[in-house]
There are 2 protein chains.
Amino acid sequence: MDAVLQALADPSRRTVLEILRRHPATAGELAAALPIARPGVSRHLRVLREAGLVDVRQDAQRRIYALRPEALAGVDQWLEPYRALWQNRMDALHTEVARGKRERK
Amino acid sequence: MDAVLQALADPSRRTVLEILRRHPATAGELAAALPIARPGVSRHLRVLREAGLVDVRQDAQRRIYALRPEALAGVDQWLEPYRALWQNRMDALHTEVARGKRERK
DNA sequence: GGTCAATGTACCCTTGTGGTTACGTACCCA
DNA sequence: TGGGTACGTAACCACAAGGGTACATTGACC
């Protein structure tokens, strides 16, 4: 999952995911939506592909990229133990007026 | 939240968070747990601090770092729309034998 | 005040990353 | 088969990132 977090660090790559979340797209379409030239996008797509975040399907000369959302499940899982913590804090914040601190460690 | 995802890209920094998830720690303790020298850790800690992921409290010469899990809520939120997607896929996978494809787009 | 302990910062160096232009390649169509 | 289209890859370049060593700083303690 290291590769996924690494891939997510770049804003351009996040934009690509954002687009693919709506619908699959060709490399050209993605490149048109980004402020960088096509070869750069191509390399971003390679990173995303190697991280398992996207899938490619070839249709004649076109390469159609599609999101593979399952790849993000690893991040979600990594986040899990932290989620418990910040939610506890939120709870504490919200209920702290009404009740005393029950289960504070 | 960009800064957070950026910060999460580095494995050393993730290790720091992992440690702080258990208990607060001094810079020295964190450095001892990592394969890099103290100044390097110090810089990682600065990145984490600037991303809002950790808090520092000074105790004499020691700097005690503590996790700020709320900073990760942004990542969780970013993940949200994707979560729906991969969970649908899971559902589809699991129920696809029993039922037909109900709400496939 | 002098010294030790804990830590951050400055500086340097090497590597990684992201961008560009130029080129190679595969496929359709005439 | 020749040409246009849609890509990826190679080569190159600039800069950011991360590591190390040396030094500055701050607080405790004598």
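## Salt bridges between the chains

In this predicted model, Arg83(A) forms a salt bridge with Asp76(B), and the closest N and O atoms of the pair are 2.2 Å apart; a salt bridge here is a side-chain nitrogen of Lys or Arg within 4 Å of a carboxyl oxygen of Asp or Glu. Between chain A and chain B the count is four salt bridges.

Six residue pairs across the interface of chain A and chain B are in polar contact, both residues being at pLDDT 80 or more. A polar contact is a pair of N or O atoms within 3.5 Å, where within protein one must be able to donate a hydrogen and the other to accept it, and residues adjacent in sequence count only if both atoms are side-chain atoms.

## The side of chain A that touches chain B

The elements of chain A that give two or more residues to the side touching chain B are α1 (2-8), α2 and α5 (73-95), and the largest share, eleven residues, comes from α5(A). Helices (H or I, at least four residues) and strands (E, at least two) are DSSP runs, numbered from the N terminus.

The contact, meaning heavy atoms within 4.5 Å, takes 26 residues from chain A and 26 residues from chain B. Chain A and chain B bury about 2700 Å² between them, 66% of it on carbon and sulfur atoms; buried area is the accessible area (1.4 Å probe) that two parts lose on being put together, summed over both. Of the area that chain A buries against chain B, Arg14(A), Tyr82(A) and Trp86(A) supply 22%, more than any other three residues.

## The sheet of chain A

In chain A, three strands form an open sheet in the order β1-β3-β2, with antiparallel pairing; two strands pair if DSSP finds at least two bridges between them. Because β1 (25-26) and β2 (54-59) of chain A stand at the edges, each with a single partner strand, one side of each is left without a neighbour in the sheet.

The antiparallel pairing of β1(A) with strand β3 (residues 62-67) of chain A runs over two bridges, and Ala25(A) stands opposite Tyr65(A) in β3(A).

## How the model is read

Residues are numbered from 1 along each chain as its sequence is written, while chains are lettered from A and ligands numbered from 1 in the order in which they are written. Local features need pLDDT of at least 70, side-chain atom pairs count only at pLDDT 80 or more, and totals for chains, interfaces and linings use all residues, while side-chain values use heavy atoms, with hydrogens and water left out.
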